[in-house]
There are 2 protein chains.
Amino acid sequence: MLPKRVLMGPGPSDVYPEVLAAMARPTIGHLDPAFVEFMDGLNERLRYTFQTENTATLPISAPGSAGMECCMVNLLEPGDEVVIAVNGVFGMRLMENARRCGAKPVAVEFEWGTPVDPGKVEDVLKAHPDAVALAFVHSETSTGVRSDAEALCKLARQHDCLSIVDAVTTLGGIELRVDDWGVDAIYSGTQKCLSAPPGLSPVSFNEAAMARIQSRKTPPQSWFLDMNLLTGYWGPGAKRAYHHTAPINSLYALDEALRILQKEGIENSWDRHAANHQQLRAGLEAMGLEFYVETDYRLPQLNAVKVPDGVDEAAVRSFLLNNFNLEIGAGLGPLAGKIWRIGLMGASSTPKHVDLCLEGMKAALA
Amino acid sequence: MLPKRVLMGPGPSDVYPEVLAAMARPTIGHLDPAFVEFMDGLNERLRYTFQTENTATLPISAPGSAGMECCMVNLLEPGDEVVIAVNGVFGMRLMENARRCGAKPVAVEFEWGTPVDPGKVEDVLKAHPDAVALAFVHSETSTGVRSDAEALCKLARQHDCLSIVDAVTTLGGIELRVDDWGVDAIYSGTQKCLSAPPGLSPVSFNEAAMARIQSRKTPPQSWFLDMNLLTGYWGPGAKRAYHHTAPINSLYALDEALRILQKEGIENSWDRHAANHQQLRAGLEAMGLEFYVETDYRLPQLNAVKVPDGVDEAAVRSFLLNNFNLEIGAGLGPLAGKIWRIGLMGASSTPKHVDLCLEGMKAALA
């Protein structure tokens with residue numbers, strides 16, 4: 001039997017018991033009229049969560065990385081220039097996806113732990129007038145940094161680019177307003193601030209993005225992720241044409257998680273994440289620990305904390321896991337060994353979690 | 001609340017209660033040492049189910065269609081010739097996948113409801129000596145037809161082609177011996193004869209297939225489905241390099257379903273599927289109904305039954321759903337309106353299911 005953990009890493013986060021219970025509901029058919037009705041409700045809740053009216057809002061039947069790939073393969077054609085802001089692992093992954101689409105990615109690079117600077121992005125957009133899209137990561141899970149998605153989407157529009165936004169760690173945790181900010185295409189994950197198990201990737205495409213897809217010269221290279229086919233199944237008002245077998249039980253879980261979020265209210269959820277971050281911050285700073293990211297750009301739901309000199313970061317994580325059943329995350333890439341990543345996401349963003357983490361860290365560093 | 005159904009369509013099938021319970025276990029991290037140990041056990045059970053020793057045996061984090069795409073994007077490079085047997089929907093989907101890889105697919109077409117004729121495939125392989133792969137569907141879910149996978153894999157080998165086998169509806173339901181038959185690459189699904197919820201696609205690649213992938217001139221067009229990266233996470237003996245967040249709870253469910261299968265014994269499972277098919281067949285024929293597929297090529301787990309003249313096939317399905325909470329499947333493509341597809345898969349392959357179906361059909365056709 002696997003142990004029960006408290007999940008305070010970069011995701012998955014703790015899953016609400018109601019969500020786990022929903023996941024165990026009896027499986028029904030993906031074309032069952034009752035399921036089709038369920039899909040409409042789920043999509044409506046996704047629209048609320050993304051703060052959008054986009055018709056093409058649906059959960060991709062695979063984790064967040066597939067949501068990223070969905071945006072890239074649908075919106076890029078071979079030879080297309082795309083500007084990509086890179087300030088961590090997921091910006092790099094966007095670059096790799098663009099290359100695999102046969103597109104010409106132009107990287108705008110920033111030091112890890114710093115946000116995307118819109119000014120620098122604007123210079124690159126000016127230098128690449130043929131670019132068709134600007135892709136960036138709103139909440140960089142690898143560094144705990146928040147960038148200014150609203151400003152970047154505005155820049156994309158001014159330069160006749162579609163905006164592609166990674167909101168995997170954003171959704172439910174910090175402010176995100178897809179329609180107000182003019183986001184063209186966005187993807188997220190279920191296992192961060194939504195607190196459903198990992199495995200699905202909610203995406204949303206506005207009309208401009210869907211028009212781009214419909215006017216492609218060639219079909220997207222992925223059949224599985226082809227938004228024209230996916231919207232034929234997901235509707236609404238679609239003919240529910242069979243595409244692939246939907247992951248029924250994972251969708252039950254996502255729907256339940258979205259119901260919990262909607263009941264709380266999305267703004268309240270953002271506020272809760274901010275408040276618990278402040279509590280964690282106060283406790284960690286009282287212990288003499290420092291944050292890696294400057295105050296203004298910190299993600300409340302993912303705290304990058306510097307490993308003090310002379311401390312074995314892996315030993316601390318093992319100690320927490322073995323003595324507190326508490327998972328926190330390691331640094332990635334250039335930040336490996338230099339930071340811990342402490343998640344306060346969704347069901348893991350509570351005062352109790354903060355207290356447990358502080359207690360554990362005190363014991364580990366004693 | 002969604003209704004509880006009895007699932008006797010082309011999948012999903014009924015899910016074992018133990019599997020649903022496993023799916024609701026507390027989520028843990030995808031890099032947790034305890035989870036990494038769990039992965040080794042799961043992969044070992046997948047090897048048993050596929051009857052293979054292939055190291056590269058793992059569950060793709062998305063439904064069967066993604067498993068198909070995984071095989072195609074990894075094994076085909078732009079310009080590659082690939083021979084594809086087409087005798088139903090999923091053969092057509094293989095064609096579409098090949099086209100989206102930039103490969104040159106050569107279709108060998110057969111009437112829907114008939115098996116792939118190895119003689120005809122051999123002629124095409126002879127006429128296309130540069131073909132790098134032969135892809136075919138072992139159990140065509142759209143028509144209920146079984147083809148001779150062993151003979152086709154042998155042909156592929158004789159013509160220096162890799163064999164790519166669709167075993168979505170096969171796995172656990174009829175004989176399949178990956179190593180003995182010399183299958184090079186194979187994909188399946190969880191929601192058919194394994195009776196786990198839909199959402200994952202077990203795949204297995206032998207050394208020849210992995211060698212082909214490692215010697216590609218360009219990386220596979222899909223980052224999410226790149227077998228070089230996936231085997232870096234799934235091991236065994238791998239460094240468990242983070243690729244994407246694994247769908248933890250869906251993997252719990254799959255593992256539990258594989259434990260149930262292993263406890264029964266795979267040959268016993270094949271025999272059970274055959275026996276329940278014979279019972280259904282006797283009952284349906286006693287009612288004057290006829291099978292669409294010739295005796296020798298019928299899938300025991302998916303029964304294509306002719307809709308009698310003058311009967312509204314959709315009305316029968318609605319009647320069963322509304323009066324018996326029983327789902328059976330419709331025909332697809334050229335067989336729409338002409339057949340029903342009655343599944344006896346995994347947990348849905350029991351004498352009780354057969355009895356319920358016969359009772360329902362009698363009432364519907366009375």
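Me: Let's start with a rule: two strands pair if DSSP finds at least two bridges between them. What makes β1(B) and β12 of chain B a pair under it?

Reply: Three bridges join β1(B) to β12(B), residues 326-330, and the two strands run parallel. The rule asks for at least two bridges, so β1(B) and β12(B) count as paired. Within this pair, B:Val6 stands opposite B:Leu326. The strands themselves are DSSP runs of E with at least two residues, and helices are runs of H or I with at least four, numbered from the N terminus.

Me: Before we go on, what kind of model is this, and how is it numbered?

Reply: It is a predicted model, in which local features need pLDDT of at least 70, side-chain atom pairs count only at pLDDT 80 or more, and totals for chains, interfaces and linings use all residues. Residues are numbered from 1 along each chain as its sequence is written, while chains are lettered from A and ligands numbered from 1 in the order in which they are written.

Me: Why are β1 and β11 of chain B called edge strands?

Reply: The open sheet has four strands in the order β1-β12-β13-β11 (chain B), with mixed pairing. β1 (6-8) and β11 (302-306) of chain B each have a single partner strand, so one side of each has no neighbour in the sheet. On average, neighbouring strands here are turned by 35° against each other, direction ignored.

Me: What makes β10 of chain B largely enclosed?

Reply: A residue is buried if 20 or more other C-beta atoms lie within 10 Å of its own, exposed if 12 or fewer, and partly exposed in between, with C-beta atoms placed from the backbone. Five of the five residues of β10(B), 201-205, are buried, so the strand is largely enclosed by the rest of the structure. B:Ser201, B:Val203 and B:Phe205 point one way, and B:Pro202 and B:Ser204 the other.

Me: How do you know that the two chains are related as by a two-fold axis?

Reply: Copies are superposed by least squares on the C-alpha atoms of residues with pLDDT of at least 70 in both. Chain B can be laid on chain A with an RMSD of 0.0 Å by a turn of 180° and a shift of 0.0 Å along the axis. The two copies are therefore related as by a two-fold rotation axis. In chain B, B:Ala62 has the C-alpha nearest that axis, 2.5 Å from it.

How values were computed: Axes fitted to C-alpha atoms, helices over the stretch in contact; angles between N-to-C directions.
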